[in-house]
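Please keep the structure open beside the text as you read.

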Amino acid sequence: MSRHSFSKDVHVIVRGVPFKLNRDLVSARSSKLCKLFKENPDKNLAHLLCDIPTTPPIFEIMVKFCYGFKVNFTPENVIPIACLACYMGMTDSHSPHNLLNQSLYFFEHKVITGWNESLSSLTATKNPVIFQQAKKLGLVDACMDSIIKKALDNPLLLGKPIKNHVLDDGDQGYNGHFHKPNAKSQLFVLEWKSKDLSLTTLDLQFYKPIIHKMIKCKLGSNYIASNLYQYAKRWVFLEPQETNSSNSKRLAIEEIERLLPNDRGILPCALLSKMLRYATVLEANVSCREGFEARIGRQLDSATVSDLLIPTQGYVNGEKYDTECVRRILKHFYNGFDGHDQTGLDIVAALVEYLLHEVANDNELRKDSFISLAEMSVAASAGARRTLDGVYEAIDVYLNKHKHLTESEREEICAVLDCNKMSPEACEHGAQNERLPVRVAVQMLFARQLHLRETVAKEVVVVAGPEEDGSGKSKSREDDEEVKWELEKMNSKVVELEKECVVMRKKIEKSYLKKEKLNVDFWGEMKRKLGCISSLNCHVKKKKKMMKLDAR
């Protein structure tokens with residue numbers, strides 16, 4: 001290690017690695033060692049030098065400096081070297097051009113002047129042995145301040161804001177429906193390639209205070225949000241084989257939510273939903289999950305069906321999707337609705353309707369959960385003044401997928417429907433739907449009849465209305481004949497529907513009477529066979545029969 005031969009050596013062990021030092025050379029540079037050697041000239045000092053706060057590679061650099069070698073400073077080693085030089089008392093007051101002054105000069109002129117260098121130096125201080133000393137020297141704060149200043153001057157160092165791109169109106173989902181009610185879906189520009197190092201390489205202990213200060217300095221929230229999502233990708237959205245523990249991921253996602261600005265639209269619903277899913281799986285605290293739910297709710301009119309398919313925490317009660325989470329998100333949307341834009345209500349109503357249709361195909365979805373979602377969809381449709389045709393279609397799908405349901409369970413599911421808020425076509429389909437309970441089918445038949453009566457009444461008013469004044473601009477006789485023919489046709493259809501209603505009602509009444517009669521006939525037959533007209537006569541006959549046997 002040395003270019004010279006010296007007789008006075010001292011043995012030191014640093015983190016399990018042994019070093020042999022020449023007393024004269026190291027004491028010439030280190031005031032701490034110089035004082036120690038003077039006070040203990042002939043003693044073995046290994047036990048007094050076993051707790052030096054550094055790592056073996058950095059200690060070796062210091063020893064080489066004492067032996068006259070030139071130090072090759074880098075952003076990664078300059079802070080550990082400066083910390084060790086300070087601890088060893090290697091100042092210019094003890095020896096000119098000493099190690100502490102050289103390392104601080106490099107740090108000031110070569111490190112904090114650059115973005116990449118500052119990040120590299122700050123990352124090197126994550127070692128607990130070095131961090132406390134670097135904090136005391138102010139080197140950690142100097143790196144952070146340098147990073148913040150450069151980000152304020154050039155926000156693109158945090159990455160480009162995430163932009164939303166709208167698909168063409170022709171992009172449709174299942175059955176011709178749009179997964180996004182307003183026929184728009186989003187793609188996201190997430191990959192920001194730069195020669196500069198990313199702020200997301202920092203550990204949470206450094207990243208958190210830096211982002212917090214940037215927010216205080218009013219740096220653009222879209223840049224902050226973009227960087228926070230990139231941080232989540234690096235530290236939370238990791239594959240199972242990655243080394244990060246679930247606890248560190250949980251802490252990261254909770255901190256990301258706290259730092260995320262509340263501005264509407266700075267992150268798409270798809271990304272917020274993804275972070276909510278991870279927060280749920282990692283069992284993050286309630287405020288973290290509620291924070292993501294509130295952000296999704298505020299921009300629910302830009303969400304898609306998949307954004308609301310949130311898994312239940314721990315797969316509770318065999319449930320796949322968290323319907324209560326959807327309810328809370330909807331509540332956030334309606335609480336923030338200002339009442340001016342009807343379009344938002346229409347979009348969200350259609351979104352919940354498509355969600356209901358999507359989960360209806362799930363064989364594992366419990367009845368109560370489906371009913372809960374159906375009630376939400378009905379409420380959303382009422383606010384948007386929509387028909388309940390979509391809810392009816394979803395119920396039909398659910399009944400088809402769950403054929404084991406009893407009649408009473410089917411009636412419970414269909415109870416959310418209001419036939420008066422369905423279109424005539426849907427009522428007509430429902431009246432002929434064998435999957436529906438008979439009572440519901442009859443209700444739809446009546447509703448269809450009412451629709452037809454209203455239509456006929458309107459047409460009659462139009463035909464009976466006053467003719468236009470003027471020279472020959474009234475309707476022609478042929479048009480009158482055509483309208484009358486249509487009215488006759490509709491009247492005949494109403495009569496047919498009324499007949500069907502009567503027949504169906506008689507069948508229902510007959511089926512109930514049959515059941516009652518069957519019960520009466522069954523017990524009557526049993527009593528007849530036993531020779532009993534009533535339970536009293538039966539006991540009397542039995543008693544008489546026993547008396548006759550005794551007389552014999």
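Glu 428 is partly exposed, with a relative accessible area of 30%; here buried means under 20% relative accessible area, exposed over 50%, and partly exposed in between, with a 1.4 Å probe and protein chains only. This is a predicted model, in which local features need pLDDT of at least 70 and side-chain atom pairs count only at pLDDT 80 or more, while totals for chains, interfaces and linings use all residues. Residues are numbered from 1 along each chain as its sequence is written, and side-chain values use heavy atoms, with hydrogens and water left out.

**Salt bridges**

The partner of Glu 428 is Arg 448, and the closest N and O atoms of this salt bridge are 3.4 Å apart. A salt bridge here is a side-chain nitrogen of Lys or Arg within 4 Å of a carboxyl oxygen of Asp or Glu. Arg 448 belongs to helix H20 (residues 438-464) and Glu 428 to helix H19 (residues 424-431), so the pair ties together parts that are 20 residues apart in sequence. Helices (H or I, at least four residues) are DSSP runs, numbered from the N terminus. Arg 448 itself is buried, with a relative accessible area of 11%. Elsewhere, salt bridges that share partners link Arg 366, Lys 367, Asp 368 and Glu 412 into one network.

How many salt bridges does a search of the whole structure find? The search finds 18. Side chains of opposite charge can pair when their charged atoms come close.

| Pair | N to O distance |
|---|---|
| Glu 60 and Lys 64 | 3.9 Å |
| Glu 254 and Arg 250 | 3.5 Å |
| Arg 448 and Glu 428 | 3.4 Å |

Glu 60 and Lys 64 both sit in helix H3 (residues 56-66), 4 residues apart, or about one turn of the helix. Glu 60 is partly exposed at 31% relative accessible area, and Lys 64 is partly exposed at 37%.

An α-helix has 3.6 residues a turn, so residues three or four places apart point the same way. Is Glu 254 buried or exposed? Glu 254 counts as buried, at 6% relative accessibility, whereas Arg 250 is partly exposed at 23%.

**Buried faces and the nonpolar core**

In helix H18 (residues 407-414), the buried residues are Arg 410, Ile 413 and Cys 414. Seen down the axis of H18, these fall within an arc of 95 degrees, so they line one face of the helix; the arc is that of the directions from the helix axis to the C-beta atoms.

In soluble globular proteins, nonpolar side chains tend to be buried together. The largest nonpolar core in this model has 140 residues, and those with the most contacts inside it are Phe 59, Leu 199, Met 214, Met 275 and Leu 300. Such a core is a set of buried Ala, Val, Leu, Ile, Met, Phe, Trp, Tyr and Cys residues joined through side-chain atoms within 4.5 Å. Helix H15 (residues 342-359) gives the most to this core, with 10 residues.

Contact means heavy atoms within 4.5 Å. Not counting residues up to four places away in sequence, Leu 300 touches Leu 308, Ile 329, Leu 330, Phe 333, Val 348 and Leu 351. Ser 146, in helix H8 (residues 139-153), is buried at 6% relative accessibility. Leaving aside neighbours within four places in sequence, Ser 146 is in contact with Ile 112, Gly 114 and Ser 118.

**Cysteines**

How many disulfides does the structure hold? The structure holds 0, a disulfide being a pair of cysteine sulfur atoms within 2.5 Å. For Cys 419, the nearest cysteine sulfur is that of Cys 427, 5.7 Å away. Cys 419 is buried, with a relative accessible area of 9%, and Cys 325 is buried at 2%.

**Confidence**

The chain has a mean pLDDT of 81, and 73% of its residues reach 70 or more; pLDDT is the predictor's confidence in each residue, from 0 to 100. Over residues 165-192 pLDDT stays under 50, and the model has 67 contacts beyond four places in sequence for this stretch. Residues 529-544 also have pLDDT below 50, with 4 contacts in the model beyond near neighbours in sequence. Where pLDDT is low, the predicted coordinates should not be read in detail.

Technical notes:
Helix = DSSP H or I, 4+ residues; strand = E, 2+ residues; numbered from the N terminus.
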